[in-house]
Amino acid sequence: MLKRNKLQIALAVSIVAFLLFGYVLVKPDLPDHPPYLSTSADLDGTKAVFTLLKEQGAPVKAWKQPWRSLPSGGRHKLIVIQPYSLAAKEWEEIRTWVSGGNELVLFHDAPEPLDAFPLTKTGQAGSAAVAITDLTQQSGTGLSGKVASAYRLKEAAGIKPLLKDERGIIAGRAAVGQGSITLLLVPEWMRNDRILEHSHFELVRPYIQTSPETAALWFDEYHHGLYEKPGLLAVYPGWLVAVLLQLTLGALLWLWLKGVRFGPAYTPRAWTVRRGDETLLAAAGWYERRGLAREALAHQARYIRGLMRERWGVRLDATVTQALAAAKPHLSKEELERLAAVMRSWQAAEEAASYSPKQFEKDSRMADSVIRRLERE
């Protein structure tokens, strides 16, 4: 009994040691998200604001495609927080989009020089909380916040100042066509670890909230390195697409190795010959027993006239003279004479009081050569 218990204890200890050892070796690290990502719960993420807007019923979504693909039409709002880089062509695209009745809210502490927003450098970035004045009087009084940017907006025509501190304007808005662009030099106020400090949330709330007319509120993630591939495969992760592609290639190689022949399936010649001979003999016997030689010749005549209509556009009710005139450019002299003889045999069969099977066989053999010639046309 003791020996058996020792074995069980040793097995349990081995299993626990194996699990601990494996956990230490393959312990998953927390993903390192880019800063200002709307799906990141890290300190430098912006998931807190994104989740709050979603819980309040705002039509908030993440945008992971180039700006040229933004939805057309007005009443859309795009929030861009500290993008990595913005090319001049992208600014042209976003200005065109905004002018159609949309709104861009850009949080950036050191944006590239913009025509609509002239900047001035005021010295070193601040580290202590300072008094913030809300020039629109939407957030109340006695507000404060930390402004890390060393830049301030210049007062210029077309710019409406929104927020300012002791060193100058830190937020402004410019009208572009039927829409507007709002620039705030305080992207750090949107971070998870800063949004509730001082008066940050009260100051940014008027610029991130939506109205009942807003069609969608987009958080730009494309300029944080996230890209969503459009198309059918966009809903599948990359590793799954790679595995499926490899399996498909493996299946094709296996079929190539195992397959005897690739191509259309052909009906065995013996079956078609037997079936064709039996059918023809049965049909011929039926016409022969019934004495329908004239009717069989009429079927053959309609078939030849049908070929002439398909090849040369000759009407089915054309006279012999008209049909031969249409066929003359396409046939040799010998072939034209054979066609004329066949057509005269039709007339003779119609006018004759009786039409024997032997005469039908003779006329039919002559018509076969004409049919083979027309089928090659």
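Student: At roughly what angle do the axes of helix α8 and helix α9 cross?

Tutor: An axis is a line fitted to C-alpha atoms, for helices over the stretch in contact, and angles run from 0 to 180 degrees between N-to-C directions. Helices are DSSP runs (H or I, at least four residues) and strands likewise (E, at least two), numbered from the N terminus. Here the axes of α8 (residues 320–327) and α9 (residues 333–351) cross at roughly 160 degrees and come within 11 Å. That angle makes α8 roughly antiparallel to α9; angles under 35 degrees count as roughly parallel, over 145 as roughly antiparallel, 65 to 115 as roughly perpendicular and the rest as oblique. This is a predicted model, in which local features need pLDDT of at least 70, side-chain atom pairs count only at pLDDT 80 or more, and totals for chains, interfaces and linings use all residues. Residues are numbered from 1 along each chain as its sequence is written, and side-chain values use heavy atoms, with hydrogens and water left out.

Student: Which residues of α8 and α9 make the contact?

Tutor: Contact means heavy atoms within 4.5 Å. From α8 come Val320, Ala323, Leu324 and Ala327, and from α9 Leu336, Leu339, Ala340, Met343 and Gln347. An α-helix has 3.6 residues a turn, so residues three or four places apart point the same way. By class, the contact of α8 with α9 has eight nonpolar, one polar and no charged residues. Ala, Val, Leu, Ile, Met, Phe, Trp, Tyr, Cys and Pro count as nonpolar, Asp, Glu, Lys and Arg as charged, and the others, Gly among them, as polar.

Student: At roughly what angle do α7 and α10 cross?

Tutor: The axes of α7 (residues 293–312) and α10 (residues 357–375) cross at roughly 15 degrees and come within 10 Å. That makes α7 roughly parallel to α10. Their contact has 14 nonpolar, two polar and four charged residues.

Student: What end-to-end span should helix α5 have?

Tutor: The expected span of a helix is 1.5 Å times one less than its number of residues. For the 21 residues of α5 (residues 238–258) this gives 30 Å, and the end C-alpha atoms are 30 Å apart, which agrees. The count of buried residues in α5 is zero; buried means under 20% relative accessible area, exposed over 50%, partly exposed in between (1.4 Å probe, protein chains only).

Student: Where does Tyr227 lie?

Tutor: Tyr227 is in the loop between β11 (216–220) and α5. At 48% relative accessibility, Tyr227 counts as partly exposed. Tyr227 and Trp63 are 164 residues apart in sequence, yet 8.7 Å apart in space, C-alpha to C-alpha.
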